[in-house]
Amino acid sequence: MYFTLTKKSLALIIFITVLSFFILAQFFSVKANSTKLCTNAQRVEFIERLGVVLQNDEYSKKNVVIPQEFDKVYLKYNQLQLEAGFDLNAYRGKQVEIYTYRSNDGKLVNLMIHKNILIGGDIADVKVDGQMLSLKGK
């Protein structure tokens, strides 16, 4: 039994196949890099797995909007995020929560959360000559 396809039918099949591939690739790429942090206990556990010892489990929280256009500071900050497997480009114009914890050695640990998913963050030394590290660990 043979099937004959018109050029139009073949083009439609190819289009649907390619579109399906891109949708599935997007879905799995987001899920592969997602860490769900719904509770304070989950956030503290995540930070401890980085090798950071916290003073306590208290935190401050603020809401910020990731800018649509990245200036030099955000471009550099996103480079730090890329080192740890995050990318803030997908969150341009979106409101995110930043949870800040203090470590025993005085550093600040910032976790950027969007809809309970960790999307980035940093470990910042607050000294004048301090540095900012990605969430890859110490």
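Strands here are DSSP runs of E with at least two residues, numbered from the N terminus. By that rule, M132 lies in strand β5. The model is predicted. Its mean pLDDT is 86, and 78% of the residues reach 70 or more.

Five strands form an open sheet. Their order is β1-β2-β3-β4-β5, and the pairing is antiparallel. β1 (60–65) and β5 (132–133) stand at the edges; each has a single partner strand, so one side of each is left without a neighbour in the sheet. Further in, β2 (residues 95–102) pairs with β3 (residues 108–114) in the antiparallel sense, over 6 bridges. Y101 stands opposite V109 in β3.

Two helices pack on this sheet. Helix α2 (residues 40–49) touches β2, β3 and β4 (117–124), and its direction makes about 60 degrees with that of β2. Helix α3 (residues 72–83) touches β3, β4 and β5; its direction makes about 105 degrees with that of β4.

Leaving aside residues up to four places away in sequence, M132 touches Y77, L80, D122, I123 and A124. K107 is 25 residues from M132 along the chain, and their C-alpha atoms are separated by 9.4 Å.

H114 sits in strand β3. Is H114 buried or exposed? H114 is buried, because its relative accessible area of 14% is under the 20% cut-off. With residues up to four places away again left out, H114 touches Y91, K94, Q95, V96 and I119.

**Salt bridges**

How many salt bridges does a search of the whole structure find? The search finds 2. One joins K61 and E97, with the closest N and O atoms 3.3 Å apart. K61 lies in strand β1 and E97 in strand β2, so the pair ties together parts that are 36 residues apart in sequence. In the other, the side chains of D105 and K107 meet at 3.2 Å, N to O. The table gives the accessibility of the residues involved.

| Residue | Relative accessibility | Class |
|---|---|---|
| K61 | 46% | partly exposed |
| E97 | 23% | partly exposed |
| D105 | 44% | partly exposed |
| K107 | 23% | partly exposed |

**Aromatic pairs**

A pair of aromatic rings is described by the distance of the centres and the angle of the planes. The count here comes to 4 aromatic pairs. In one of them, the rings of Y74 and Y77 have their centres 6.5 Å apart and their planes at 80 degrees, so the pair is edge-to-face. Both residues lie in helix α3, 3 residues apart, about one turn of the helix. Y74 is partly exposed at a relative accessible area of 21%. Y77 is buried, at 15%. Y77 is also one of the residues that M132 touches.

Ring pairs also link Y59, Y99 and Y101 into a cluster. Y101 is the residue that stands opposite V109 in β3.

Terms used: Residues are numbered from 1 along each chain as its sequence is written. Side-chain values use heavy atoms; hydrogens and water are left out. Two strands pair if DSSP finds at least two bridges between them. Helices (H or I, at least four residues) and strands (E, at least two) are DSSP runs, numbered from the N terminus. Contact means heavy atoms within 4.5 Å. Axes are lines fitted to C-alpha atoms, for helices over the stretch in contact, and angles run from 0 to 180 degrees between N-to-C directions. A salt bridge is a side-chain nitrogen of Lys or Arg within 4 Å of a carboxyl oxygen of Asp or Glu. Buried means under 20% relative accessible area, exposed over 50%, partly exposed in between (1.4 Å probe, protein chains only). pLDDT is the predictor's confidence in each residue, from 0 to 100. Rings of Phe, Tyr and Trp (its six-membered ring) pair if their centres lie within 6.5 Å; planes under 30 degrees apart count as stacked, over 60 as edge-to-face and the rest as tilted.
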